[in-house]
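I am opening these notes to record what I looked up, entry by entry, for someone who has not seen this structure before.

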Amino acid sequence: MPAALQATLEFLRAYAGPLIASLVIVAVLPLIAGYVVLVERKVMADMQARLGPMRVGPHGLLQPIADAVKLLLKEDIIPEKADFWIFWLAPLVSVTAAMLSMAALAFGPAFQIARDINVGILFVVGISSLGIFGIVLGGWASNSHYSLIGALRSAAQLVSYETAAGMALVSGLLLGGSLQIRTIVEEQARQGVWFIFLAPVAFFIYMVASIAETNRAPFDLPEAESELVAGYMTEYSGFRWSLYFLAEYANMIVVASVATTLFLGGWMRPFASVRWMGWVDFLPPLLALGVAGYCVYRAPRQPVPVQKLVMLGVAGLCALVALLLAVPLLLPAAFFLKAGIHGAFWFVAKVGAYIFVFMWLRFTLPRYRFDQLMRLGWYFLIPVSIVNVMALGVGLVLHWQYRVNLWLALGGTTLLTLLIALWLVWADRKREAEALQARGGPGTPAADSYAG
Amino acid sequence: MLDKVIFYVFGGIAVVSAALVVTRRNAVHSAVFLITALLATAGIFLQLRAEFLFVVQIILYVGGIMVLFVFVIMLVNLDVALQQIQFSRQKWVALLVTLALAGQVGAMLWWAGQPGKKTLPLPVSVAAPAEKLPANAEAVAHSLFGPYLLPFEIASLLLLVAMIGAVVMAKKKV
């Protein structure tokens, strides 16, 4: 059929760049997710005064590859009473949603698949929210009570916290004045300030809500291992299980990227608009060079000869990265590369910092109870986020129409939001105390069942 | 050409999965096909360069309403639901409504086919290149808060009334 062939060729000619970029994402994302898992295990081990994985490769550097091989070779079990097609479909939905939402993300000014999409940030949020169907359908199809309860919890949690997250995003978008990712970042460059400083409350709300949306501790009730075995993935094993795992970590990267774009200045380096801070540009190559030097220094101390070689290989890789980062700075001919390479570095660094805070919270805070989670969402986060959007709007109108200083206007309205948040906390405490009293809590003498 | 291919693929998916929604016995399967139909409709919006509608369709219908649908379906005892009658018996009303709808669609198609009346060329191909079109979200905002301000506010008032009504019905003692 020449017509179909012609259409295919036309498609390929027009979209070769985006196609290659999406292939890169699909190919590299599992590797990145594996290494995020390794970093998480290392961070956890460090916080608990242990060493973490040390056996495979120097300092466990090859552990993710060993884990991947193990997961691929594991037996793939589909329960007899499970709904076969939906059980089969569910993990795919989760992974597809997480990967597809990356299409509109801009990892630096040069690397973005869907460049001209006008509603980029909404695209990312909308598509990544489809991942919930993978969790809910998987939990239902497993035909197991643990899975079903996990799925129901996940759905309730997502619906509750998506509202607050959406309102927090609206605050950022009001400041940026656009839905297009590129424009939002460029607007932060133009105004010379990251939006986290203009809307700190919105950033905080987005952070809490994004932890809940990615089912991470302390909000990991859908997979609470002490109550539900493994929640919605109880009946999954082997490769299908690892798909869920991949989706969870990919979602973390997505929410971190959205927060970075909207609140942390995207791919801009810190103090991008301050002229005398230009020396910050030299930090990334020096950092990479320092890591390379440390690897060389540590190489002779590895216990096994193979590990010495691997360590030197890692040092070489770091030196290569340092070279890549340094070339645009040292060679005037290659200066046009600087925006792309350094932008990507800063973007990845900010995403990494955001994910590190996720890990930090995970190993610091105990898990919430489900009613506490719902109360936090509905009685605190959603009202505060609504108030915050309105206060921010008032502040911006004061600035635009009445020429009030931007910092004064936004500072005042932020203070107002914080006062209302304090009042909400107080009201919640009071309501809880009253409920306890009504149930016959410790305050009432009649409830002492041991008396007499 | 590419526009046509995309339109017919998404349209076909939408029609087939819409038919499957009503014929599946299992409510969860129906819900999955409903999600597919809604996503395919969103795809057609994207093909029409209505990016904002595409995203809103996904966020609201698929990401919001369908999650609640699936949530409720899981609380229902499916074994009991499977025993019940699948279709209601109001054949004559259904036939009437279907005929009226088919008549409308047919009239529209016939109207579009008339020479000189270029209202609805099917499948719709966008004449202007993407860069020439006004930014989609802005265009929607200008029409919603410009000429259609009153209908928009009335619609939101209606939704507010419905929301309060739902709360009152759910909570007997307010």
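I began with chain B, whose elements run α-α-α-α-α-α-α from the N terminus on, and I noted 7 helices and 0 strands for chain B, where helices (H or I, at least four residues) and strands (E, at least two) are DSSP runs numbered from the N terminus. The model is predicted, so to speak of local features I needed pLDDT of at least 70, and side-chain atom pairs count only at pLDDT 80 or more, while totals for chains, interfaces and linings use all residues. Residues are numbered from 1 along each chain as its sequence is written, chains are lettered from A and ligands numbered from 1 in the order in which they are written, and side-chain values use heavy atoms, with hydrogens and water left out.

The core has 123 residues, of which Met102(A), Phe133(A) and Tyr206(A) touch the most other members. Helix H11 (residues 238–263) of chain A gives the most to this core, with 15 residues. Leaving aside neighbours within four places in sequence, I listed the contacts (heavy atoms within 4.5 Å) of Tyr206(A), which include Ala165(A), Val258(A) and Tyr354(A).

I then turned to helix packing. Helix H4 (residues 120–128) of chain A packs with H11(A) at an angle of about 155°, the axes being 11 Å apart (lines fitted to C-alpha atoms, for helices over the stretch in contact, with angles from 0 to 180 degrees between N-to-C directions). That makes H4(A) roughly antiparallel to H11(A), a term for angles over 145 degrees, whereas under 35 counts as roughly parallel, 65 to 115 as roughly perpendicular and the rest as oblique. The contact is made by Ile121(A), Val124(A) and Ser128(A) of H4(A) with Asn251(A), Val254(A) and Val258(A) of H11(A).

Last, I checked Val348(A), which lies in helix H14 (residues 338–364) of chain A and is exposed, with a relative accessible area of 54%.

Note on methods
A nonpolar core is a set of buried Ala, Val, Leu, Ile, Met, Phe, Trp, Tyr and Cys residues joined through side-chain atoms within 4.5 Å. Buried means under 20% relative accessible area, exposed over 50%, partly exposed in between (1.4 Å probe, protein chains only).
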